Amino acid sequence: MSLFSLFGALEIGFIFSLVALGVFISFRLLRFPDLTVDGSFPLGGAVCAILIANRWDPYSATLAATVAGALAGLMTGWLNVKLKIMDLLASILMMIALYSINLRVMGKPNVPLIAEPTLFTLLQPESIDDYIFRPLLLFFIVVVAKLLLDWFFSTQKGLAIRATGSNPRMARAQGVNTGNMIMLGMAISNALVASAGALFAQTQGGADISMGIGTIVIGLAAVIVGESILPSRRLVLTTLAVVLGAIVYRFFIALALNSDFIGLQAQDLNLVTAVLVVIALVIPLLKKRLRGQKGV
């Protein structure tokens with residue numbers, strides 16, 4: 001793998017680390033099967049791209065995209081908590097609605113950003129090539145996001161969210177408003193995913209209506225792979241594992257699509273993802289069997 005391909009894999013890996021952190025909050029902490037991310041990822045890209053194209057500065061555009069994602073997640077939680085719609089169905093309904101909303105936001109299927117300023121072009125020093133600077137900046141963003149999440153989930157609100165996902169009946173008995181915690185957790189989850197979509201649009205030179213297809217699969221793959229690499233019950237290590245999982249996932253995808261290594265085609269991407277997830281799920285079972293054989 002060339003140095004350029006390696007940095008490219010790191011760049012996409014760091015972006016999807018934010019997606020994986022968002023998926024981790026909904027699936028692992030809240031036990032909420034959330035498919036909203038397939039809509040909130042392109043929502044972040046769409047909002048960011050159209051605002052930059054309309055001469056907003058990239059900082060405000062990225063922040064607005066993050067807020068839009070938070071509102072999408074909040075609405076999914078609201079459908080579940082207030083209207084008593086089943087969690088999976090609520091997220092599917094929101095995902096479907098966001099497809100039309102994203103088209104409305106952009107006004108067309110895609111918005112190019114080739115000649116527009118982005119976070120990366122504004123912050124890039126002249127002495128560093130863009131393919132090196134982008135992963136460095138994304139690494140910094142991911143580290144800040146991880147540390148903020150670690151801090152937040154050690155606060156009273158964060159512990160209430162964790163308690164809601166772990167044992168909602170016990171949480172209610174302790175005076176926790178589990179409905180509000182679900183909506184707050186879903187808002188944070190999709191805010192992370194939308195921010196990843198905004199950064200993805202800026203690195204790829206535009207937003208596209210189809211850019212969110214399969215986002216949930218990638219996020220889940222990163223979480224599962226990460227938990228297999230670094231199994232732990234401590235939140236600080238688990239969030240680190242999720243980030244590592246996203247990077248390892250993108251690294252293996254890059255290797256699989258590399259013509260000098262395996263040489264699969266782009267249409268084989270979903271197959272590679274499925275195989276990686278199966279391997280990640282089987283590894284813990286193999287470890288248990290090996291431990292059982294040693295104990296006999």
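Which helix gives the most to the lining of the largest cavity? Helix α1 does, with three residues. The legends below describe close-up views of a predicted model.

**View 1. The largest cavity and its lining.** A search of the whole structure finds one cavity of 30 Å³ or more. The volume of the largest cavity is about 30 Å³. Its lining consists of Phe 24, Ile 25, Leu 29, Leu 149, Asp 150, Phe 153, Leu 235 and Thr 239. Three helices, α1, α6 and α11 (235–257), each supply at least two of the lining residues. The lining includes Asp 150, which also takes part in a salt bridge with Lys 146.

**View 2. Phe 153 and the largest nonpolar core.** The largest nonpolar core has 81 residues. Phe 41 and Phe 153 touch the most other members of this core. Helix α1 gives the most to the core, with 13 residues. Phe 153 is buried, because its relative accessible area of 2% falls under the 20% cut-off. Leaving aside residues up to four places away in sequence, Phe 153 touches Ile 25, Leu 29, Gly 158, Leu 159, Ile 161, Arg 162 and Leu 235.

**View 3. Aromatic pairs.** The structure holds seven aromatic pairs. One of them joins Phe 152 and Phe 153 edge-to-face, with 5.2 Å between the centres and 75° between the planes. Phe 152 is buried at a relative accessible area of 17%. Phe 153 is buried as well, at 2%. Phe 251 and Phe 252 also form an edge-to-face pair, because their planes meet at 75° and their ring centres lie 6.2 Å apart. What is the exposure of Phe 251: buried, partly exposed or exposed? Phe 251 is partly exposed, with a relative accessible area of 32%. Phe 252 is likewise partly exposed, at 40% relative accessibility. Elsewhere, ring pairs join Phe 16, Phe 41 and Phe 200 into a cluster.

**View 4. A salt-bridge network around Arg 134.** The structure holds five salt bridges. Side chains of opposite charge can pair when their charged atoms come close. Which residues are linked in a network of salt bridges? They are Glu 11, Asp 130 and Arg 134. Glu 11 and Arg 134 form a salt bridge, and their closest N and O atoms are 2.9 Å apart. Glu 11 lies in helix α1 and Arg 134 in helix α6 (residues 130–152), so this pair ties together parts that are 123 residues apart in sequence. Glu 11 is buried, at 5% relative accessibility. Arg 134 is buried too, with a relative accessible area of 17%. Arg 134 forms a salt bridge with Asp 130 as well, and here the closest N and O atoms are 3.3 Å apart. Arg 134 and Asp 130 are four residues apart in helix α6, so about one helical turn separates them. Asp 130 is partly exposed, at 36% relative accessibility.

**View 5. The salt bridge between Asp 150 and Lys 146.** The side chains of Asp 150 and Lys 146 meet in a salt bridge, at 2.4 Å from N to O. Both residues lie in helix α6. Four residues, about one turn of the helix, separate Asp 150 from Lys 146. Are the two residues buried or exposed? Both Asp 150 and Lys 146 are buried.

**View 6. Two loop arginines with positive phi.** Most residues other than glycine have a negative phi. Arg 31 has a positive phi of about 55°, although it is not a glycine. Arg 31 is found in the loop between α1 (3–29) and α2 (37–53). Its relative accessible area is 52%, so Arg 31 counts as exposed, the cut-off being over 50%. Arg 55 is not a glycine either, and has a positive phi of about 75°. Where does Arg 55 lie? Arg 55 lies in the loop between α2 and α3 (58–81). Arg 55 is exposed, at 66% relative accessibility.

Note on methods:
Residues are numbered from 1 along each chain as its sequence is written. This is a predicted model: local features need pLDDT of at least 70, side-chain atom pairs count only at pLDDT 80 or more; totals for chains, interfaces and linings use all residues. Side-chain values use heavy atoms; hydrogens and water are left out. Buried means under 20% relative accessible area, exposed over 50%, partly exposed in between (1.4 Å probe, protein chains only). Rings of Phe, Tyr and Trp (its six-membered ring) pair if their centres lie within 6.5 Å; planes under 30 degrees apart count as stacked, over 60 as edge-to-face and the rest as tilted. A nonpolar core is a set of buried Ala, Val, Leu, Ile, Met, Phe, Trp, Tyr and Cys residues joined through side-chain atoms within 4.5 Å. Contact means heavy atoms within 4.5 Å. A salt bridge is a side-chain nitrogen of Lys or Arg within 4 Å of a carboxyl oxygen of Asp or Glu. On a 1 Å grid over the protein atoms alone, a cavity is a set of points where a 1.4 Å probe fits but cannot get out, and a pocket is an open set with protein on both sides within 12 Å along at least five of seven lines; lining residues have an atom within 4 Å of a point. Grid points are joined across faces, edges and corners, and a volume is the space filled by probe spheres set on the points.
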